Amino acid sequence: METQEKVYYEEELNPEFLDTIKELSHSNEIDRCIQCGTCSSSCPDAAYMDFTPRKIIALTKGGFEETVLKSFTPWLCASCYNCQVRCPSQIKITDVMYAIKRKAIQENVYPSRFPIPVMYKEMHKILTKNGRSSELWLMLNLYLKTLNPIGLIKMAPLGLKLMKTGRMSLKKESIKNKKQLKKLLKAVKENT
Amino acid sequence: MKEYIYYPGCSVKTNAKHYEESVLPVFKILGMELQELPDWNCCGATASMSVDEEKAAAINGRLLSIAEKAQKDIIAPCAACYLSLKKANQFLKENSEDSEKILKEMKKLDLEYKGTVQVKHPVEVLLKEIGVDVIKEKVQQKLNGIKIASYYGCQVVRPFEDFDDMDYPESMDMLVQSLGVETVDFTAKTKCCGGALTANLEELGARLNYIILKEAQKKGADAIVTLCPLCLFNLEVTQDNISKIYDEDFKMPILFFSQLMGLAFGLPKEELGFSRSLIPTKQIWNKIEIGGTNV
Ligand code: SF4
Ligand code: SF4
């Protein structure tokens, strides 16, 4: 994972980015960030992030749209809500991370060789189609998508153990009323 | 008290079968026969929320609507399902432009939702509604002799505050204590297991779970109990990797609180899914047999 370091000129910034993220995250409080760093120090995954949560908030406020949307940080957020419940300015940081993820997917600028966005997209696709997700199909799909057969081979011993203890099924799960779900999801997207 | 309808979610039907195998009989013994929510769909967990908020609200909305029609509240054993449903419930009740539109579309498809359903976790219902006294009456065999670290993870305790304390909850400790189990002072009880990331990011997953396992070991726990399928899965499967990366062997059994409850209620251990553990559970049986006393 590389850290992005680049000089930005004001023309390259998007002053409306803050408002977009505020709306998408339903967190109007982002401006009130005092850069205290409580979020970063509460974050179990900060050590792996290219920008800590505090920096993501600062970059969002500053309109660094490209940097934020391409960052690995939101995909390394495990949604533990530690930062969110501790932020002295009541910023819904976890929800901001979710908002960034959704925007990055919408704009197709998420880190594409990174397994997490691929996994989320695949899982979401499977469950909106069948109504349920079955883990085996997801794993297969995932490794094919990230073109990482070694990953699949590495998973084999675990898969075997799960089979032995009856904890993995090869069945493709699905709901009965797929039609209703499909119609609902279609309508929701057309009319919102 | 409204009655509950049971929302299993995908995990308890696959990798966490032993959760369902123990939680349903336990509730039955306590006089609550939980019926499954008809034709339930997956809650989407962190995945759908990361991809599409309206769709995430709608798929959970379908579940809330089905429960409302049955005039029941939802009981959801999986922490991720619990939080997804609660978040969607809040979103749909907000009266925002988006939520109104989603509700309108739901109504057209015979999925009207007025917002009357509450979402609860089994631990909440056991402790706050059924109560420790009733539970104690059902105990046939005290589980003295074992020490347990109870691990809650993140998503039942945060961001909503109504479950218990966000950093140091004690509900599950109190539950297993009522069975005669000794619990350790486990400060890592709400540290993050990495959730959905752990399966794909080995180093991160190993580190986060190492912290939790090591703390439990240092406190002298014989096993960890948890209330979340994904936490249980992560704490089990990372133990192999941890021994490679940190050169430390953990053989820490990870159990669902409901398995211990079933055991104390006198159900045969073969029916409670202990054999599904990926980590040998022998050390627990030895201890319970030495220290266990019939009441
Ligand atoms: S905890 Fe809140 S106020 Fe402090 S740096 Fe993070 S977002 Fe800003
Ligand atoms: S919710 Fe995400 S960003 Fe916040 S502390 Fe947890 S992992 Fe870090």
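Guide: Gladly. Domain bounds here come from an automatic or database domain assignment. For chain B, that assignment gives domain 1 (4-120) and domain 2 (136-294). Chain A is divided into domain 1 (10-107) and domain 2 (115-191). This is a predicted model, in which local features need pLDDT of at least 70 and side-chain atom pairs count only at pLDDT 80 or more, while totals for chains, interfaces and linings use all residues. Residues are numbered from 1 along each chain as its sequence is written, chains are lettered from A and ligands numbered from 1 in the order in which they are written, and side-chain values use heavy atoms, with hydrogens and water left out.

Visitor: How far apart are the domain centres in each chain?

Guide: Taken over C-alpha atoms, the centres of the two domains of chain A lie 28 Å apart. For domain 1 and domain 2 of chain B, the separation is 25 Å.

Visitor: What makes a residue part of the surroundings of ligand 1, and which are the closest?

Guide: A residue is near a molecule if one of its heavy atoms lies within 4 Å of it. Around ligand 1 there are 14 such residues, the closest being A:Cys33, A:Cys36, A:Gly37, A:Cys39 and A:Cys87. By class, the shell has nine nonpolar, four polar and one charged.

Visitor: Why is the pair A:Arg86 and B:Asp167 called a salt bridge?

Guide: The term asks for a side-chain nitrogen of Lys or Arg within 4 Å of a carboxyl oxygen of Asp or Glu. Here the N to O distance is 2.8 Å, so the pair meets the rule. Between chain A and chain B the count is seven salt bridges.

Visitor: And how many residues are in contact between the two chains?

Guide: Contact means heavy atoms within 4.5 Å, and 57 residues of chain A are in contact with 60 residues of chain B. The area buried between these chains is about 5,500 Å², with carbon and sulfur atoms giving 62% of it. Buried area is the accessible area (1.4 Å probe) that two parts lose on being put together, summed over both, so the value covers both chains.

Visitor: How much is buried between the domains of chain B?

Guide: Domain 1 and domain 2 of chain B bury about 2,200 Å² between them, 71% of it on carbon and sulfur atoms. On the domain 1 side, B:His18, B:Tyr19 and B:Ile29 lose the most area to domain 2, together 27% of what that side buries.

Key:
Ala, Val, Leu, Ile, Met, Phe, Trp, Tyr, Cys and Pro count as nonpolar, Asp, Glu, Lys and Arg as charged, and the others, Gly among them, as polar.
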